[in-house]
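Q: I have a model open and want to learn how to read its features. Can you take me through them?

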Amino acid sequence: MAKWLNPRSALGLALIAAVLVALPFVAALGGQAWVRIVNFAILYVFLALGLNIVVGFAGLLDLGYIAFYAVGAYVYALLASPHFGLHLPFWAILPIGAVLACGFGVALGSPTLKLRGDYLAIVTLGFGEIIRIFLNNLNAPVNITNGAQGVTLIDPIAVGGFKFSAASQIFGLTVSGPQKYYFFLVALALLVIVINLRLQHSRIGRAWQAIREDEIAAKAIGINTRNIKLLAFAMGASFGGIAGGIFSAMQGFVSPESFSLIESVMVLAMVVLGGMGHIPGVILGAVLLTVLPEVLRYGVGPIQQVVFGKVLVDPESLRMLIFGLALVLVMRWKPAGLWPSPERRRELAETRAEKL
Amino acid sequence: MAEVLLRAAGVGKHFGGVKALRDVSLTIGLGEVYGLIGPNGAGKTTFFNCLTGLYVPDGGAFDFAGRPLKADAPHQAAERGIARTFQNIRLFGNMSAVENVMVGRHVRTGAGVFGAMFRDARTRAEEAAIRRRAAELLHYVGIADRADDLAKNLSYGDQRRLEIARALATEPQLLCLDEPAAGMNATETEELRLLIEGIRRDGTTILLIEHDVKLVMGLCDRVAVLDYGEKICEDVPAVVQKDSRVIEAYLGGSVA
């Protein structure tokens, strides 16, 4: 513990805290849209950390992770909207969403855990699509999800009369809805990060790593690999479910198109780009991949206007182009991710040295 | 022979048309060092894999410590007290030496997800005990100074030792060593012999597959010889060495 109390770490922590507190007010200078973007970045940190348990810790490739996000989002949407006339409080719904997503994680995991690598990836990809298609079509014969129209008028997160959707005065300071969500998200994100760090350095975390390293050896020393892998699926799915619930509340609206395959791919890209299995790296990956496209979206148009006098290339298509190029470059020059764990960096450096 | 720890009765295993094991029966007494030898491809490792649950045998049964061994899942064998090492070392390469041994404690500890999240007093105590025991075991096999090195960066001999430490961490009654001296020089083999003798002295029964005849003859109380999946001989080393079928199996053809 003494390590935490030395002046340099204390200063660092104070700086981080100051930045985290100031961020939503600085972002608001560019409009509330930027606060929303920051909020989404944190939401994706949630998702990426959840997927990191499955992919980074346990080494299981999951291409359908967004399905758990969808489950959490729809659980919130259906239990807190006029659709069924239910208006449960968020602290009741988020755990329900987490548990249900966890159940789906186990449901996906139990039949598929004999598969490895590519085969597992294909099955999870299929699972993600199945969930989305179900959400799209579960409006007949009984209307459960309202089909492609989605669910609207979802309740915002509220504590008593304190609603997170509207602006209010706190200590003489006007705090907007998105800013309130920001602080809620930061608090939850810190909790999630602590949980992840603790999981990684625990008996379970070591078992995950052992399975990733050598499954046969892990079995031989008595690790029930099936259960421990299921646990990774379940934990990852729960985080996805919670993130989904908050997404619902923040947006006030969900529809199946928010949960397409590209979303799964994006979250996986965050994990891989940032540095698989390394929590700070994954956070960096999530923040970068959420914020940079938005910067492009708002920056590319005006820049072209200034340079060429008119918009030559549609910013939207340029976004994907630059994104793809960035992916290729990062994977070429930093194959372990932008901020890999020290061991992983060494591992890749060694394989490269062996090849030369 | 003292009390029986392991009894294999009529164990068979075939892969397609190849009969890797035919009706192999043997008994290992508590506290013994039992050698399993035979030419390459004789079925020694197959026997290990059947015993530790990596393969499901086609026939026969194992009795371990007085109860039948339901050998259909490897982790259950470890739970019952059978630990093993591998012929081609299988460590967790990107984990440190001490972490490798800590993983070995998995089967004897119980902290779950909630313990990890809340780090309650019991979990912290268990974690400290795991760490302490792992350090002890590294010291026991003589690589305490390499505790924080990644397993894959250890020397070959140290990797063998680490694998034994990891196996011992599961508190086995029976330790199965699959060619532990393979690729070792004379000094390393001698150190290994001392280590195995120490483990036996501390009360663990050992099943040893080995090609180094000197090591086997020096260490083992009894030796079984497999050839083409069949047990052709089982006795004390001095007798086995002179058995004509054994000589024939090793040298091929009859020896005049």
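Q: Which side chains meet in a salt bridge at 3.6 Å, N to O?
A: Side chains of opposite charge can pair when their charged atoms come close. Here Arg146(B) and Asp158(B) meet in a salt bridge at 3.6 Å, N to O. The term needs a side-chain nitrogen of Lys or Arg within 4 Å of a carboxyl oxygen of Asp or Glu. This is a predicted model: local features need pLDDT of at least 70, side-chain atom pairs count only at pLDDT 80 or more, and totals for chains, interfaces and linings use all residues. Residues are numbered from 1 along each chain as its sequence is written, chains are lettered from A and ligands numbered from 1 in the order in which they are written, and side-chain values use heavy atoms, with hydrogens and water left out.

Q: Where do Arg146(B) and Asp158(B) lie?
A: Arg146(B) is in the loop between helix 5 and helix 6 (156–168) of chain B, and Asp158(B) is in helix 6, so the pair ties together parts 12 residues apart in sequence. Helices (H or I, at least four residues) and strands (E, at least two) are DSSP runs, numbered from the N terminus.

Q: Is Asp158(B) buried or exposed?
A: Asp158(B) counts as buried, at 17% relative accessibility. Arg146(B) is partly exposed, at 22%. The cut-offs: buried is under 20% relative accessible area, exposed is over 50%, and partly exposed is in between (1.4 Å probe, protein chains only).

Q: Which residue forms a salt bridge with Glu163(B)?
A: Arg166(B) does, with the closest N and O atoms 3.9 Å apart. Glu163(B) is buried, with a relative accessible area of 1%. Arg166(B) also counts as buried, at 1%.

Q: What else does Arg166(B) do, over the face of which ring does it lie?
A: Arg166(B) lies over the face of Phe92(B), 4.7 Å from the ring centre. A charge sits over a ring if NZ of Lys or CZ of Arg is within 6 Å of the ring centre and within 35 degrees of the ring normal.

Q: Which residues do salt bridges with shared partners join into one network?
A: Start with one pair. Lys231(B) forms a salt bridge with Glu234(B), the closest N and O atoms being 2.8 Å apart. Salt bridges that share partners join Glu32(B), Arg222(B), Lys231(B) and Glu234(B) into one network. Lys231(B) is partly exposed at 29% relative accessibility, and Glu234(B) is partly exposed at 26%.

Q: How many salt bridges are found over all chains?
A: A search of the whole structure finds 19.

Q: How many aromatic pairs are there over all chains?
A: A pair of aromatic rings is described by the distance of the centres and the angle of the planes. The search of the whole structure finds 15 aromatic pairs. Phe90(A) and Phe184(A) have ring centres 5.6 Å apart and planes at 85 degrees, so the pair is edge-to-face. Rings of Phe, Tyr and Trp (its six-membered ring) pair if their centres lie within 6.5 Å; planes under 30 degrees apart count as stacked, over 60 as edge-to-face and the rest as tilted.

Q: Where do Phe90(A) and Phe184(A) lie?
A: Phe90(A) is in helix 5 (residues 90–112) of chain A and Phe184(A) in helix 7 (residues 177–200), so the pair ties together parts 94 residues apart in sequence. Phe90(A) is buried at 13% relative accessibility. Phe184(A) is buried at 15%.

Q: Which residues do ring pairs link into a cluster?
A: Phe40(A), Tyr69(A), Tyr74(A), Phe247(A) and Phe259(A).

Q: What area is buried between chain B and chain A?
A: The size of an interface is often given as the accessible area lost when the parts come together. Here it is about 2,900 Å², and carbon and sulfur atoms give 61% of that. Buried area is the accessible area (1.4 Å probe) that two parts lose on being put together, summed over both. The contact (heavy atoms within 4.5 Å) takes 35 residues from chain B and 30 residues from chain A.

Q: How many salt bridges are counted between chain B and chain A?
A: The count is two. Asp214(A) and Arg90(B) meet in a salt bridge at 2.8 Å, N to O. Arg90(B) also lies over the face of Phe86(B), 5.6 Å from the ring centre.

Q: Which residues does Arg198(A) touch?
A: Arg198(A) touches Ala116(B), Met117(B), Phe118(B) and Arg119(B), leaving out residues up to four places away in sequence. Arg198(A) lies in helix 7 of chain A and is partly exposed at 25% relative accessibility.
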